[in-house]
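Visitor: I'd like to zoom in on one part of this protein and go through it slowly. Could you walk me through it?

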Amino acid sequence: LNHQGVEKVTMVDIDEELVKICADLLSEWCGKVYDDPRLTTVYQDAGIFVPQDKSRYNLIVWDLVDPHRWDTKDPTAASGLYTQDFLSSIKDHLSENGILSIEYAHRNRHEMSNLLKDWRKIARRHIYIPSFDEKWTFALMGRK
């Protein structure tokens, strides 16, 4: 929303309380973003919102927690979003030249490579994140 060319943003987050805490305690990071009339905030599980939504987007930023707990392979609440069905729903919402921005832990690279095999790779960078003590992949993917 720092860019004037952005017409609208839809933010989907399952945790309304956390978003409000961050808006209050991290206001120097997010400024007045929640007062911007171009922002629509939806507090819902993305696994429910995305298949029901009828909108088209030029950019979808997928910023999710890991599909598995760090110390085990037990699923997290987000594990249902790491499926071919969900990624197909995301692809259906992208405009013809739309882009998916996604990041994921290096330890999940094989799982993510399989999920993203039908997407066009635009750019990919691997970066070590000291606070996570591991490498992460940041990728831009296209539908064609």
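This is a predicted model: local features need pLDDT of at least 70, side-chain atom pairs count only at pLDDT 80 or more; totals for chains, interfaces and linings use all residues.

Let's take arginine 107: is it buried, partly exposed or exposed, and what is its relative accessibility?

Guide: Arginine 107 has a relative accessibility of 30%, so it counts as partly exposed; the cut-offs here are under 20% for buried and over 50% for exposed. Now look for its partner. Arginine 107 makes a salt bridge with aspartate 66, and their closest N and O atoms are 2.7 Å apart. Arginine 107 sits in the loop between E4 and H5, while aspartate 66 sits in the loop between E3 and H4, so this pair ties together parts 41 residues apart in sequence. Aspartate 66 counts as buried, because its relative accessibility is 8%. Side chains of opposite charge can pair when their charged atoms come close.

For some context, a search of the whole structure turns up four salt bridges. One of them links aspartate 36 and arginine 38, at 2.8 Å from N to O, and both of those residues are buried. Another joins glutamate 16 to lysine 20, with the closest N and O atoms 2.7 Å apart. Those two are both in helix H1, four residues apart, which is about one turn of the helix.

E4 (94–105) and H5 (109–115) each give at least two residues to the largest nonpolar core, which has 23 residues. E4 provides the largest share of this core, with four residues. Among the members that touch the most others are Leu100, Ile102 and Leu116. Follow leucine 116 and, leaving aside neighbours within four places in sequence, you'll find contacts with Leu87, Leu100, Ile102, Tyr104, Lys121 and Met141. In soluble globular proteins, nonpolar side chains tend to be buried together.

Two names on that contact list, Lys121 and Met141, take us on to the strands: lysine 121 stands opposite methionine 141 in E6. Strands E5 (residues 120–129) and E6 run antiparallel and are joined by nine bridges. In their hairpin, four residues lie between the strands, and aspartate 133 takes a positive phi near 55°. E6 pairs with E4 as well, antiparallel again, over seven bridges. There, glutamate 103 stands opposite phenylalanine 138 in E6.

Methods
Residues are numbered from 1 along each chain as its sequence is written. Side-chain values use heavy atoms; hydrogens and water are left out. A nonpolar core is a set of buried Ala, Val, Leu, Ile, Met, Phe, Trp, Tyr and Cys residues joined through side-chain atoms within 4.5 Å. Buried means under 20% relative accessible area, exposed over 50%, partly exposed in between (1.4 Å probe, protein chains only). Contact means heavy atoms within 4.5 Å. Two strands pair if DSSP finds at least two bridges between them. A salt bridge is a side-chain nitrogen of Lys or Arg within 4 Å of a carboxyl oxygen of Asp or Glu.
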